[in-house]
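Student: I'd like a close look at one part of this model, the place where the two chains meet. Walk me through it slowly, please.

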Amino acid sequence: MSTTGQTSTSEGAVDLSVSLCGLKLKNPVMTASGTFSRDYARLFDLSQLGAVVLKTVTLNPREGNPPVRIVETAAGLLNSIGLENPGVEKFLEEDLPFFTRFDVPIIMNIQGEDLQEFVELARIVTGAAAHPSRRVSALELNFSCPNVARGMEFAQDPEEAARVTEAVKKVTSLPVIVKLSPNVTDIGAVARSVERGGADAVSLINTFLGMSIDTRGKRPRLSTITGGLSGPAIKPVALRMVWQAAKAVKIPVIGMGGITTGEDGIEFIIAGATAVAVGTASFFRPRATLEVIEGIRQYMMANGISDLSELRGSLAV
Amino acid sequence: MEVAAESSGLDLGEPKGSLGAPLFHGSVEVFQHRQVSSGCFLLMIHAPELVRYASPGQFVMLRCTDSMDPLLSRAFSFCHINREKGTFSLLYKVYGKATLWLSRKKEGETVEVLGPLGRGFSVPPQAEEIVLVAGGVGVAGLVALGEDLALHGRSPYLLLGLSAKDGFMMVSEISSFISKERIFTSTIDGSLGERGDVVMLVRRFLQAHAPGTYSRPFLAVCGPKGMLRPVWEVAREYDLSAQFSVEEPMACGIGACKGCVIRVRKSPAVPSFQGAAVSRGTELPPEFRYALSCQEGPVFDATELVFS
């Protein structure tokens, strides 16, 4: 597979590269936060990806929720992991250097319990990024994880979300991507609000709030009763929201939600996304990210599209 | 898999989470598939690259659909591992959509598989007596261990608990590496062997082997969740060293989703979150932590396991 993002066809070169917040990505495909691990590097070269977005890191370590944390649903997955992570200091020291060895932009996803924590996290990560083994290309602010006590509130309050974005922007020179929750009535309004707050891009969607009940014991299957739904089941709703958000803002949109194939990715790009992220698909198709890249390439070649800017937001309405 | 064959003892399983230990993912061929007992099948797969690094107690993730239903792959413990022939087998019971789909796979067809995954059994060098404790189809996870032990001149015992006689599987396979007088069987309904469950078998075995005639028997345990705790309690009572293969719902099997955690006791050698402030709202007492059963397990030492 080409790592330069370019393939020659009889019609000419096909260029998968995209520009995002000043970052040059060799293709528009990234991993979705919380869906990747080191072991994928034993299956393929991570340098082939457009970018790697890592699991949410918090200021202090989090043990995560008690089991049961995952439940399979029809074409979907409910999760209530609870942001298990070793905390920012340990992560920067032990986990990040594994990923920065690859020739691919690394995006760190962070979540704070309040504005102060977000700012503190941004400061710490930005400071560490000066060191080559901890070079982070961008920050993704997790306003939208439904599985922690506070996680929903920022994403559901556009003004608060804008305030936190603005405060983070003040302490970092890294591009700031804001990840949005779909559990809102007006995704365009939230997107506009964080754009006003200075976000360099928005990424959406995070998971939908859902649940599953064991009818034998009449108990919820997840330990936290509700959890986040992801996977192919959510794609139509995710796509609609990405389309709405892309219309509402000028900043780039990273679209995700149920993407399994290149064709899925193309749908999101037509809807207005500059880049796409693949999450749950990597669980049941370990090389899903590569398959989506290749599918996008095939679509471009088959349709005479040499550059993704021709396709972006080209929905015919 | 490196086996320390010298006098330092056997090391049949090591953490395979680091970059460098090859991981295989791809379509592989089914070269044999047969029913071995009521509702139980033995699936034999040819995959030399995968088997080369496989060790007893590890598992594979197998895709059990042509579509998105069911969405997730399923975890299966290695049953046989044959590095010479480049084959391995999985022993499974049909109980849902995924296993039903799998049971229809014919010889010559392919399945998509990821592995070898997880941490397998590692028999302590000082163990003089090794007892394999199997609950039903859990015997699958112990076959490869038994065969490896036999290859290195060790003769384990096998305690096998089943619900009924027609659940008795793989007679010829098992007796090829364990002699009949070292196999003890029980059935809940008494239709074969002793009447009772595998926990009863373990107690009877330990009582029959008077203390002092062996030192520190080592138990390797594999079976349904409900049997793990009672066996663990017996091991604790007799102060035996033991390793248990746990079974937790898995989405990815590869350490990404963090869905397969179990509570474990923190070991002083492997501190986790030690000295760091832990966020409010945690349910875990400070001496416990969560471990991924797909990376640190599925085999855990008895001293790590926690039963509420």
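Tutor: Start with Asp39(A), which sits in the loop between strand 5 (29–31) and strand 6 (52–53) of chain A. Strands (E, at least two residues) and helices (H or I, at least four) are DSSP runs, numbered from the N terminus. Asp39(A) counts as buried because its relative accessibility is 3%; buried means under 20% relative accessible area, exposed over 50%, and partly exposed in between (1.4 Å probe, protein chains only). Its side chain reaches that of Gln295(B) in a polar contact of 3.0 Å. A polar contact is a pair of N or O atoms within 3.5 Å; within protein, one must be able to donate a hydrogen and the other to accept it, and residues adjacent in sequence count only if both atoms are side-chain atoms.

Some housekeeping: this is a predicted model, so to speak, with local features needing pLDDT of at least 70 and side-chain atom pairs counting only at pLDDT 80 or more, while totals for chains, interfaces and linings use all residues. Residues are numbered from 1 along each chain as its sequence is written, chains are lettered from A and ligands numbered from 1 in the order in which they are written, and side-chain values use heavy atoms, leaving out hydrogens and water.

Now zoom out to the whole interface. Chain B puts 43 residues in contact with 38 residues of chain A, where contact means heavy atoms within 4.5 Å. About 3600 Å² is buried between the two chains, 60% of it from carbon and sulfur atoms; that figure is the accessible area (1.4 Å probe) that two parts lose on being put together, summed over both.

Between chain B and chain A, seven residue pairs are in polar contact, both residues at pLDDT 80 or more. Strand 7 of chain B gives the largest share, three residues. By type, this side of chain B divides into 26 nonpolar, 10 polar and seven charged residues.

What about charge pairing? Side chains of opposite charge can pair when their charged atoms come close. The rule finds one salt bridge across the interface, taking a side-chain nitrogen of Lys or Arg within 4 Å of a carboxyl oxygen of Asp or Glu. The partners are Arg74(B) and Glu72(A), at 2.9 Å from N to O. For context, a search of the whole structure gives 21 salt bridges over all chains. The Arg74(B)–Glu72(A) pair runs from strand 4 (residues 74–77) of chain B to strand 7 (residues 70–73) of chain A. Arg74(B) counts as partly exposed because its relative accessibility is 24%, and Glu72(A) is also partly exposed, at 27%.

Arg123(A) and Glu120(A) meet at 3.9 Å, N to O, and both lie in helix 2 (residues 115–128) of chain A, three residues apart, about one turn of the helix. Lys169(A) and Asp200(A) meet at 2.8 Å, N to O. This pair links distant parts of the chain, 31 residues apart, with Lys169(A) in helix 4 (residues 158–171) and Asp200(A) in the loop between helix 5 (187–196) and strand 12 (201–204).

Conventions: Nonpolar A, V, L, I, M, F, W, Y, C, P; charged D, E, K, R; others polar.
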